[in-house]
Amino acid sequence: MRIARFSIDGNVAFGAVEGDRPDELVLDIIKGIPFADFELSGTKVPLSKVRLLPPVLPNKVVAFGRNYAEHAKELGNEVPDAPFAFFKPSTAVIGPGDQIQYPSFTEDLHHEAELAVVIGRMCREVPRERVKDVIFGYTCANDITARDVQKREKQWARAKGFDTSCPLGPWVETDLDLAKASDLTIQLTVNGEQRQLGRTSEMVHPIEDLIVNISEAMTLLPGDVILTGTPAGVGPLNVGDEVAVTIEGIGTLTNKVVKRG
């Protein structure tokens, strides 16, 4: 099931996305919230009549860096022996169609296409064999990075945590099992030109290891998001660019870059 979060007539709701053709997609409004038992209301609205929002509002976004060997290599970095985590605040999250605001403190803004894992239940110290049980679904993400700031500052908080630096969407796909999610095509285009192309099977540390690693340290809550790293091909974004992340079996997340006002 594809579960989207959306607004219509000033109201916010979750809905199940139905249909195959982009111009025929509709939302069946969900009664309640998708992280608990819910029912479909049978009330349907065309996707074209709503504004899609970030599919979840995470308490925290835990991101893992240098988790694709070729990406680490292209930036002159070593692949870490263990998963290497950092955070993006909830204020970094935007949805499909929202604008990425180019910060005034950077001159080298980069895109990073990523598979995002959405947590479905409160959990801590998750054993590897139980990881599949705590995953709600998967969505597309773009780990927007101020590359010059990242290189200059030892902490990545400003470089990767600024407002609008974490586009998510367009919805959460819940029908992917862990095995399928571990071998999907992931690609990114800028103004229609392909920049990144890889497979999630190229991760150095697979999804199970990432969730085991971070849940050893902290409690994960429903709606929390895990970013799993980016394949090679990262590069600069400029004001006016349209950047799109497409992941096999999930969908496409598109955003435009604007100057921060």
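How many residue pairs are in polar contact across the interface of domain 1 and domain 2? The rule finds two such pairs, both at pLDDT 80 or more, a polar contact being a pair of N or O atoms within 3.5 Å, where within protein one must be able to donate a hydrogen and the other to accept it, and residues adjacent in sequence count only if both atoms are side-chain atoms.

The model is predicted, with local features requiring pLDDT of at least 70 and side-chain atom pairs counted only at pLDDT 80 or more, while totals for chains, interfaces and linings use all residues. Residues are numbered from 1 along each chain as its sequence is written, and side-chain values use heavy atoms, with hydrogens and water left out.

The domain assignment, automatic or from a database, gives domain 1 (2-52) and domain 2 (61-259). Taken over C-alpha atoms, the centres of the two domains lie 24 Å apart. Ten residues from domain 1 and 13 residues from domain 2 take part in the contact (heavy atoms within 4.5 Å). About 900 Å² is buried between domain 1 and domain 2, 66% of it on carbon and sulfur atoms; buried area is the accessible area (1.4 Å probe) lost by two parts on being put together, summed over both.

One salt bridge is counted between domain 1 and domain 2, the term denoting a side-chain nitrogen of Lys or Arg within 4 Å of a carboxyl oxygen of Asp or Glu. A salt bridge joins the side chains of Arg51 and Asp98, at 3.1 Å from N to O. On the side of domain 1 that touches domain 2, strand E1 (2-8) and strand E5 (51-52) each supply at least two residues (strands are DSSP runs of E, at least two residues, numbered from the N terminus).

Definitions and conventions
Helix = DSSP H or I, 4+ residues; strand = E, 2+ residues; numbered from the N terminus.
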